[in-house]
Amino acid sequence: MSSIVPPEVEAAKQRTQAAITSAKDATSSGIQKAREDPQAAKKDFMHSSFMRAALPFLNGGAAGMVATTVIQPVDMIKVRLQLAGEGVKTGPKPTPVSVTRDIIASGKVMDLYTGLSAGLLRQAVYTTARIGFFETFMKALGKRAEDQGRKIGFGERAGAGLMAGGLAAMAGNPADLALVRMQSDGLKPIAQRANYRGVGDALTSIARNEGVLRLWAGAYPTVVRAMALNFGQLAFFSEAKARLQDTSLGPRAQTLTASAVAGFFASFFSLPFDFVKTRLQKQSKGPDGKLPYKGMFDCFGKVMREEGPLRFYRGFSTYYVRIAPHAMVTLIVADYLNFLTK
């Protein structure tokens, strides 16, 4: 006995079949158009000139934020090491282990993530700008070198890294200042702590109590540090990766090796400036209404006289452990995002 199909079910089946047929026709038509005119197939939103220009910035910022989330506890320890024993040449020397133990003993494990909101904001501004500018500069320099029938040189890579780092550092200084203030707040006596609720509270509090221009405190050493770091990181990474292309290493191994090399040089060149930047951003006016340091050169001079030249490299191992993995995670994630958004 044959079953009777209700009219509404039959209508639904017909609509479904029509939708499937339409989708097949559209897919076939799209494939055919792509074969006939490959350039037209690329004229979608992802391949528009605006998105092509914006993607290096977007991918760089996203990669930097992922890396910061992973590395934030190491950065917290690095800042505490730099601020320990300020103005004292002798005395007990803290270690990464002792600093970590003290932070955990005085609070909770999550205290190692103090300032994460400021760190993420900094990456959203700073890393977005530095990687985006670097990739943009490298494309322009690469095209010029290709037109001249040569390969891009290390000097051009270095110049691109220096320019990208300097421009990005100026834009990211307020977030960087907020990060240092939030991380150093726990070193003050309880009565003197600002107890910032987040990066927004830190930025508004500093601007309200110390003036808007204070958000760019330490901007000079921050810019110099960023230029030194980008010179070591991006220029050496690009150069190392170019030299490793002729080896038997695979693409992933090349990226990891080049990142480790770049991390060392970035740490070596930038740590003294990072040290001074931290001191300048952390300082506040004393009872006499004066700041401990007048500027970058004054800070360099006082630390050299009162604490010794090696103080600039205190925490180098911690700094390297922070810089190298951060560079590796950032560059790996950026490479993957660049692959997905080709």
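This report describes the overall make-up of one protein chain and then looks at several of its residues in turn.

The structure is a predicted model, in which local features need a pLDDT of at least 70 and side-chain atom pairs count only at pLDDT 80 or more, whereas totals for chains, interfaces and linings use all residues. Residues are numbered from 1 along each chain as its sequence is written, and side-chain values use heavy atoms, with hydrogens and water left out.

**The chain as a whole**

The protein chain contains 11 helices and 0 strands, where helices (H or I, at least four residues) and strands (E, at least two) are DSSP runs numbered from the N terminus. Of its 342 residues, 41% are buried, a word that here stands for under 20% relative accessible area, with exposed meaning over 50% and partly exposed in between (1.4 Å probe, protein chains only). The chain exposes about 18,400 Å², and carbon and sulfur atoms supply 64% of that area; accessible areas come from the Shrake-Rupley method with a 1.4 Å probe, and for residues only the protein chains shown count as cover. Among contacts (heavy atoms within 4.5 Å) between residues at least 6 apart in sequence, 78% join residues at least 24 apart.

The unreviewed UniProt entry lists residues 319-339 as "transmembrane region"; UniProt positions are given in the numbering used here, feature names are shortened, and annotations may be inferred rather than shown by experiment. Over residues 319-339 the model is 100% helix and 0% strand, with the end C-alpha atoms 30 Å apart.

Glutamine 283 has contacts, beyond its neighbours within four places in sequence, with Arg181, Arg214, Leu291, Pro292 and Tyr293. The side chain of glutamine 283 reaches the backbone nitrogen of tyrosine 293 at 2.9 Å.

Threonine 128 belongs to helix H5 (residues 116-147), and its side chain reaches the backbone oxygen of alanine 124 at 2.6 Å. Leaving out residues up to four places away in sequence, threonine 128 touches Phe57, Gly60, Gly61 and Gln123.

Alanine 164 is part of helix H6, and its C-alpha atom is separated by 4.8 Å from that of arginine 130, 34 residues away along the chain.

Asparagine 195 sits in the loop between helix H6 (154-184) and helix H7 (199-210). Most residues other than glycine have a negative phi; asparagine 195, although not a glycine, has a positive phi of about 50°.

The table sets out the accessibility of these residues.

| Residue | Relative accessible area | Class |
|---|---|---|
| Threonine 128 | 18% | buried |
| Alanine 164 | 0% | buried |
| Asparagine 195 | 52% | exposed |
| Glutamine 283 | 5% | buried |

Notes:
Polar contact = N/O pair within 3.5 Å; in protein donor to acceptor, adjacent residues only side chain to side chain.
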